Structures are given as structure tokens and as C-alpha cells.
Amino acid sequence: MAKNSFISVISQEKKKENRGSVEFQVFSFTNKIRRLTSHLELHKKDYLSQRGLRKILGKRQRLLSYLSNKNRIRYKELISQLDIRESKTR
């Protein structure tokens, strides 16, 4: 329930204002990842969707690492709101 309420709030706020922000991009990639993951549970041999999922995961990871370097507080808030794990440091 909390995820859905957050998703509706951020989508209504950000659709009109700032689609290019890092938070909105990570949010949209997270939605795509969740949708593709549920699709791949049904269609295990859909290799093209698996490739797309890996590409989106990489893009989201790069955006999250950028955000963690620029503003650690916004990064922590975003991963807690989207309920995703913190990325590993290299």
C-alpha cells in the first residue's frame, strides 16, 4: 500500500514539473523493472526482455551512483521510498 501511494504522489508531482530529474528517472526505471520482472516470471525464455531488463538495471545503477556521489541524503530518501537495496561500492 505504501509503495502505491508514493508512486501516485511522485508521478502526479513530477509529471508536470521535472521529468529529467534523477529521482523521476530512477522512479520510472524502477516501474519498468518491476513490470519486466513480473513478465519474465511468466515467460522464462523471453531473452530479448531479459536483455532489456539488464540494460535498464544498468542505467538505474548508474543514475543511483551519480545521485549518491552528488547528494547522499536525496539518495538515501529515494532508495527508502522505492524500497530498493543500496548499491554495492566498488
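On a 1 Å grid over the protein atoms alone, a pocket is an open set of points with protein on both sides within 12 Å along at least five of seven lines, and its lining residues have an atom within 4 Å of a point; a volume is the space filled by probe spheres set on the points, which are joined across faces, edges and corners. The model is predicted, so local features need pLDDT of at least 70 and side-chain atom pairs count only at pLDDT 80 or more, while totals for chains, interfaces and linings use all residues. Residues are numbered from 1 along each chain as its sequence is written, and side-chain values use heavy atoms, with hydrogens and water left out.

The protein chain has 4 helices and 0 strands, where helices (H or I, at least four residues) and strands (E, at least two) are DSSP runs numbered from the N terminus. Buried residues, those under 20% relative accessible area with a 1.4 Å probe and protein chains only, make up 30% of the 90 residues in the chain.

In soluble globular proteins, nonpolar side chains tend to be buried together. Here the largest nonpolar core has 18 residues, and those with the most contacts inside it are Val26, Leu64, Leu78 and Leu82; such a core is a set of buried Ala, Val, Leu, Ile, Met, Phe, Trp, Tyr and Cys residues joined through side-chain atoms within 4.5 Å. Helices α2, α3 (47–70) and α4 (72–82) each supply at least two residues of this core, and the largest share, 8 residues, comes from α2. Leaving aside residues up to four places away in sequence, Val26 is in contact (heavy atoms within 4.5 Å) with Arg60, Leu63, Leu64, Leu78 and Leu82.

Helix α2 (residues 22–42) also holds both Phe24 and Phe27, which sit 3 residues apart, about one turn of the helix. The structure holds 1 aromatic pair, and Phe24 and Phe27 form it in a tilted arrangement, at 5.9 Å centre to centre and 50 degrees between the planes. Rings of Phe, Tyr and Trp (its six-membered ring) pair if their centres lie within 6.5 Å, and planes under 30 degrees apart count as stacked, over 60 as edge-to-face and the rest as tilted. Phe24 counts as buried because its relative accessibility is 14%, and Phe27 is buried with a relative accessible area of 4%.

The largest pocket holds about 320 Å³ of space. Its lining consists of Leu57, Arg60, Gln61, Leu64, Ile84, Arg85, Glu86, Ser87 and Lys88.

Note on methods
Buried < 20%, exposed > 50% of the residue type's maximum accessible area, 1.4 Å probe, protein only. 1 Å grid on protein atoms, 1.4 Å probe; cavity = no way out; pocket = protein on both sides within 12 Å on 5 of 7 lines; lining within 4 Å.
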